[in-house]
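Here are my notes on the model below. Please read them with the coordinates open.

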Amino acid sequence: MFTATLLTNPAAPNLDRALVESLRNAWGGGEAHWLAEGEAAEFSVAIKPDTLWTVWEDLQKAHVDLVLQPTEGRRKKMLLADMDSTMIEQECIDELADEAGVGERVKDITARAMNGELDFEGALTERVGLLEGLDESVISKVLAERITFMPGGKALLATMKANGAYAALVSGGFTAFTAKVASELGFNENRANTLLVEYEKLTGAVGYPILGRKAKVQALKEITARLGLAHQDVIAVGDGANDLGMLGLAGAGVALHAKPSVAAECDIRINHGDLTALLYIQGYAKSDFVGP
């Protein structure tokens, strides 16, 4: 048995009942269950429809996301999340680079790395090198003035944790940022790279080993082993090429507003919803949400 979930942007809910019923009828699905009026609905289907991706493409034009998953085991016991452009709306290194006056150069490298065009470790080393000499205090300034949370993140963390789930933030960014983000959102732990500092200035180097794609996979394996969970018990979310390993290994790998080359390799693609989409696809209704 499978569950089809249709959802849209909660800030501009436009999910039409007629659309949901039309698809349910076309696929011979069970009765539609509305998780949030205008935002999200689901219904069951006995088999995976042959027209899934054709329908998905049509719904994208209507700003509606469609996710099909096996019904059994949808509700996960662990959240593993990327930080940059996933739990927050920015790329931290790009914001630091703006302050250092090398913003455009660094942003270009970041975009190419996240799209899988560049080796992540080499691209990170090159970008951090351009920050040499930047005052360490700029990190606090960027955190206070430039970093904003992705909508739905607080509800996602609070709701999953209230239902017994564990939450880990694993980023190719920096501990100076993940510590703050993890604390404010309620993650149980965080892992990231370390910016090296001497005499209160960035040295232009990053601590080794660098946390990239392999380290994110390793984090999933280590944390699930420690908690006695299976990989299937994990819902992972990210947007870049360095997230693909953990997205593929997790029971549910969500490409959130992802680069096209990344989304193409994932069966769960959220392009219009926010982070509450991760709750809806697990079967949580809006009335089940905890917190904001």
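1. In strand S6, Leu-169 is the bridge partner of Ala-81. Helices and strands here are DSSP runs numbered from the N terminus, with at least four residues (H or I) for a helix and at least two (E) for a strand. Strands S5 and S6 (residues 166-174) pair in the parallel sense, over four bridges. Two strands count as paired if DSSP finds at least two bridges between them.

2. A word on the basis. This is a predicted model, in which local features need pLDDT of at least 70 and side-chain atom pairs count only at pLDDT 80 or more, while totals for chains, interfaces and linings use all residues. Residues are numbered from 1 along each chain as its sequence is written, and side-chain values use heavy atoms, with hydrogens and water left out.

3. What stands opposite Ala-81 in S10? That residue is Val-237. S5 and strand S10 (residues 234-238) run parallel and are joined by four bridges. From S5 (residues 78-81), Met-78 and Leu-80 point one way, Leu-79 and Ala-81 the other way. All of them are buried. Buried means under 20% relative accessible area, exposed over 50%, and partly exposed in between (1.4 Å probe, protein chains only).

4. There is an open sheet of four strands, ordered S2-S3-S1-S4, with antiparallel pairing. Its edge strands are S2 (33-36) and S4 (65-70), each pairing on one side only. Neighbouring strands of this sheet are turned by 25° against each other on average, direction ignored. Strand S1 (residues 2-7) and S4 run antiparallel, joined by six bridges. Thr-5 stands opposite Val-67 in S4.

5. Helix H1 (residues 17-26) packs on this sheet. H1 touches S1, S2, S3 (40-45) and S4, and its direction makes about 10° with that of S3. Helix H2 (residues 52-61) also packs on the sheet, touching S1 and S4. The direction of H2 makes about 150° with that of S4. Axes are lines fitted to C-alpha atoms, for helices over the stretch in contact; angles run from 0 to 180 degrees between N-to-C directions. Contact means heavy atoms within 4.5 Å.

6. Helices H4 (residues 103-114) and H5 (residues 120-129) pack at an angle of about 170°, with axes 10 Å apart. That makes H4 roughly antiparallel to H5; the cut-offs are under 35 degrees for roughly parallel, over 145 for roughly antiparallel, 65 to 115 for roughly perpendicular, and oblique for the rest. On the H4 side, Arg-105, Val-106, Ile-109, Thr-110, Ala-113 and Met-114 meet Phe-120, Ala-123, Glu-126 and Arg-127 in H5.

7. Asn-115 lies in the loop between H4 and H5. Asn-115 counts as partly exposed because its relative accessibility is 25%. Leaving out residues up to four places away in sequence, Asn-115 touches Ala-241, Lys-259, Pro-260 and Ser-261.

8. Leu-196 lies in strand S8 (residues 195-198). At 36% relative accessibility, Leu-196 is partly exposed. Apart from neighbours within four places in sequence, Leu-196 is in contact with Lys-201, Leu-202, Thr-203, Ala-205, Val-206 and Gly-207.

9. How many disulfides are there? The count is zero, taking a disulfide as a pair of cysteine sulfur atoms within 2.5 Å. Cys-92 is buried, at a relative accessible area of 1%. Cys-266 is buried too, at 5%.
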